[in-house]
Amino acid sequence: MTRSAVGEAGHWGKDVRSDLHVAIERRDGGGVQVGLESRVAPYYGESILAQVRQELGALGIRDAQVTIHDEGALPFVIAARVEAAARRAGFTGEGSRATVEKMALPPSSARDRLRRSRLYLPGSEPKYFINAGLHGPDAVILDLEDSVARSDKDAARILVRNTLRAVDFGACERMVRINQVPLGLEDLAEIIGEAPDLILIPKVERPEQVAEVDRMIAELKARHGVERTIWLMPILESALGIENAFVIAASTPQVAGLTIGLEDYTADLAVVKSADGGESLYARTRLVNAAKAAGVQAIDSVFGDVGDMDGLLRWAENSRALGFEGMGCIHPAQIRVIHEAFAPTSAEIDKALKIVAAFEEAEKQGLAVVSLGSKMIDPPVVERARKLVERAKAMGRA
Amino acid sequence: MTEKIELAQNAAGRMVPAMVNGRPQIPYLGLGKYQPRGRKAAPPVRSSRDFPEDGDKRVHDLETALRKCGLRDGMVISNHHHLRDGDQVALMALRAAERTGVKDLLWFPSASFPSQKGAIELMERGVIHHIEGSMNGPLGDYCTQGKMRGMGVLRSHGGRWQAIQDGEVHIDIAVIAAPTADFFGNADGSHGKSACGSLGFALADSIYADHVVVVTDNLVPFPCIPWQIQGNNVDYVVEVESIGDPAKIVSGTTQITRSPDRLRIAEFVARFLRESGIMRNGFSFQAGAGGIALAFVDYLRRMMKEDGVKARFVRGGSTKYLVELLREGLTDYILDGQTFDLDGVKSIASDPRHVATSPFTSYNYHGKGSFASMVDAVVLGATEVDVNFNANVVTHSDGRLLHGIGGWQNCLAAGCTILALPSFRDRIPVIVDEVTTLTGPGELIDVVVTERGIAVNPNRPDLLDSVKKSGLPVRPIQDIKMEVEKICGGKPARPKLGERPVAVVKWVDGTVLDTVWQAG
């Protein structure tokens, strides 16, 4: 970012909601002047001015002309935009981070937790953040990659950082999709201090890429005193990435799952992405196999047509049948359909319950062999049944 | 208007003017406390002697009709709003009045729309003295800024009938836009190039006004079948090129909201009806044409099908979503107050089970009952609701006029009144300590549904009980309020309201419920 006298960040206009635009002009003296236009001025005008003055103080800004157009932004967004504008205006020294009230961190997430649905949220669209958790996806993905314009990356990562700090996503796992390394390393530097649960690494082709991200995270965690594990989910988006699926999945113990990006993958193959996904069947099954071999989850891509719920259901059911454990969502309306598709059927649950019961009975009687009716049951079958029952319980089905 | 206006505190604790536009007022006394007396108002007796035997009441133009009606300074001219933002007749009539040279008219529309902002110039030029009827957009701002000479009076649809019937407002000349009419004055809204469905809002005007002028762009040979306005009440018929812009009279299709948060609210409302047992065979409900209400109807339709439940009647504002219920046999009737989209208009014109109603049948509190209290559940919006379930629908939280009351107050009489609202809009929390303008008493509001949870009025333990085991996120209203205030960064500041009343909000019985103050 080149230094200029004026730094601007954020968005405003008739159709903008929950965001604001901040322009900070460096001055040589005269103190801080703040001009505010806000659609919520009668209710929060004073509070916005007080917050902005406090942020500017924290950022070490003594002399500046600040112009704000606010469209009803919440405090964590105001703080992020002020900070981004300040940095773009060249205020990069000590105290260059604006603070927002930090909420208590939710419990850390388990490596094999339920990840049926992950809702993508564009990293520069704050209006989608605040209620995302209400729609009940297993995870939200604050996206810094494809949904954020190149020129907006710096502001978006500050906004995502504040979002991790201040927004309650309920029971959702908090994921961030960073940019491709090396740009993604700058994302990590900004966000790791807020302890996201999982980092999605895009366009991974080689295990070294994952290792590099892992090292950087370890370093940042130490610096910020973050103790919990931050999981990794490499996204394979090319023919080479698919060929290396297993070594990537096995590259570090922090990898919790593998997923696939079909837009880029089909582009790499120079084929057309079809509704039934025949052209990517090999890649997807290869990914599932590699993930299972490495003991991590296999997570499918997104279904792009938000209006076609029947198509989504078919895709998701097929996806589950292939061995995937979840997929991405680009609209909250997709969540329920996906959860439905990835839920075990009642016949499967019944059978699993019977197997587990038979195993427990056999154990109680000290029998070495478990059988159900006339069939012998192998230990892996019992293990699978147990997992299925656990999942079903987590989904409220058993 | 610089004189000091005397104020009195009403039973809701609100300060209201004792006189409005020269008439003494009764402050709101509490629910069902005001006992009306006396006889209904009536127009003068007329004789067939004075009307053409061949039934042809046509005159050349509106100006002629108004002159023949004896238009003079200070009279009350009324219009209906079934043509909504597409209406051209109201301004046509007021401008024709201006050409006769009259001043100081009281314009008494059943509602006004932004496209009628030309009325501001007529007020500036002294032709209109003031408006009694809903005002929003530019007219609302004009009133709220204290620029209108008289005080605005906001009434519900039922309250407008009540005011006319009780003689609070005497209409001198009613000018009724009619999508179809014959030369005798029989008129209807369901056919013609400007079809708008029901004409119910014009019915009181046609019955009680001294003079009635029907204006049509679709004159048919006598008889106009069907008719909702009876020609026997009509003085003159004027034929014009166009009464309105069809594209703005009804929308092509009304749109369900696409916002996931609003869809969530709509689904909660539908589930509430299902889980509470209100959705059962033979039940009834009413929902408007807002995005959440439409989505609610769609969710409820699916639940009714799943459970094999059928309604006896649904109340419109009709839209294609209500029409679908009728077509699929999920309701026996649509009792329609106004028709919002093309599917609604087509249906009311062709399906005898889709029936036009009026504010008399549906809403008038000073009658021998009305349909409103017979509806099992109604789904409404609001700009604010307070912790005692009082709600505001007429002003922004900063006190500027935003909406008319419409049928909103009347609908509160339903068995279960549900407000469906996002918990905040543009950072402004919707649940507040005290509403800016009281439009509906909290005793009548049973449930507030937001995307963050459902609050049931503690005065409805029966409802609370009925959804206890439903798994719905039922929470105290204070709880939701606190959560939202935390998200929004604290309680919003109370905007400063002015000290001069610019309009009053009437309750359904004609008493004064609250005051709209000049913008600070």
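Among contacts in chain A between residues at least 6 apart in sequence, 72% link residues at least 24 apart. The model is predicted. Chain A has 398 residues, of which 46% count as buried, and its secondary structure comes to 13 helices and 14 strands. Along its principal axes, the C-alpha trace of chain A spans about 90 × 45 × 45 Å.

**Domains of chain A**

- The domain assignment of chain A gives domain 1 (6-88), domain 2 (117-342) and domain 3 (346-394).
- Between the C-alpha centres of domain 1 of chain A and domain 3 of chain A there are 60 Å.

**Contact between chains A and B**

- On the chain A side 19 residues are in contact with chain B, and on the chain B side 17 residues take part.
- Helix 1 (residues 41-58) of chain A supplies the largest share of the chain A side, with 5 residues.
- By class, the side of chain A that touches chain B has 11 nonpolar residues, 4 polar residues and 4 charged residues.

**Helices 10 and 11 of chain A**

- Two packed helices are described by the angle between their axes and the distance between the axes.
- For helix 10 (residues 309-322) and helix 11 (residues 333-342) of chain A, the angle is about 35° and the axes are 8 Å apart.
- The crossing of helix 10 of chain A with helix 11 of chain A is right-handed.
- From helix 10 of chain A, the residues that meet helix 11 of chain A are A:Met309, A:Leu312, A:Leu313, A:Ala316, A:Glu317 and A:Arg320.
- From helix 11 of chain A, the residues that meet helix 10 of chain A are A:Gln334, A:Val337, A:Ile338, A:Ala341 and A:Phe342.
- By class, this contact between helix 10 and helix 11 of chain A has 8 nonpolar, 1 polar and 2 charged residues.

**Buried face of helix 11 of chain A**

- A:Gln334, A:Val337, A:Ile338, A:Ala341 and A:Phe342 are buried in helix 11 of chain A.
- Seen down the axis of helix 11 of chain A, these buried residues fall within an arc of 125°, so they line one face of the helix.
- An α-helix has 3.6 residues a turn, so residues three or four places apart point the same way.
- The buried residues of helix 11 of chain A pack against strand 5 (117-122), helix 10 and strand 12 (326-329) of chain A.

**Cis peptide bonds**

- In chain A, the peptide bond from A:Val181 to A:Pro182 is cis, with omega near 15°.
- A:Pro182 is in the loop between strand 7 (173-177) and helix 4 (183-191) of chain A.
- In chain B, B:Phe222 and B:Pro223 are joined by a cis peptide bond with omega of about 0°.
- B:Pro223 is in the loop between strand 13 (211-216) and strand 14 (236-239) of chain B.

- A:Ala195 is not a glycine, and its phi is positive, near 55°.
- The loop between helix 4 and strand 8 (198-201) of chain A holds A:Ala195.
- A:Ala195 has 20 other C-beta atoms within 10 Å and is therefore buried, the cut-off being 20 or more.
- A:Lys203, also not a glycine, has a positive phi of about 55°.
- The loop between strand 8 and helix 5 (207-224) of chain A holds A:Lys203.
- A:Lys203 has 19 other C-beta atoms within 10 Å and is therefore partly exposed.

Key
Residues numbered from 1 in each chain as written. Chains lettered and ligands numbered in written order. Predicted model: local features only at pLDDT ≥ 70, side-chain atom pairs only at ≥ 80, totals over all residues. Contact = placed C-beta atoms within 7 Å. Helix = DSSP H or I, 4+ residues; strand = E, 2+ residues; numbered from the N terminus. Nonpolar A, V, L, I, M, F, W, Y, C, P; charged D, E, K, R; others polar. Domains from an automatic or database assignment. Axes fitted to C-alpha atoms, helices over the stretch in contact; angles between N-to-C directions. Left-handed = near helix turned anticlockwise from the far one by under 90°. Buried ≥ 20, exposed ≤ 12 C-beta atoms within 10 Å, placed from the backbone. Arc of directions from axis to C-beta.
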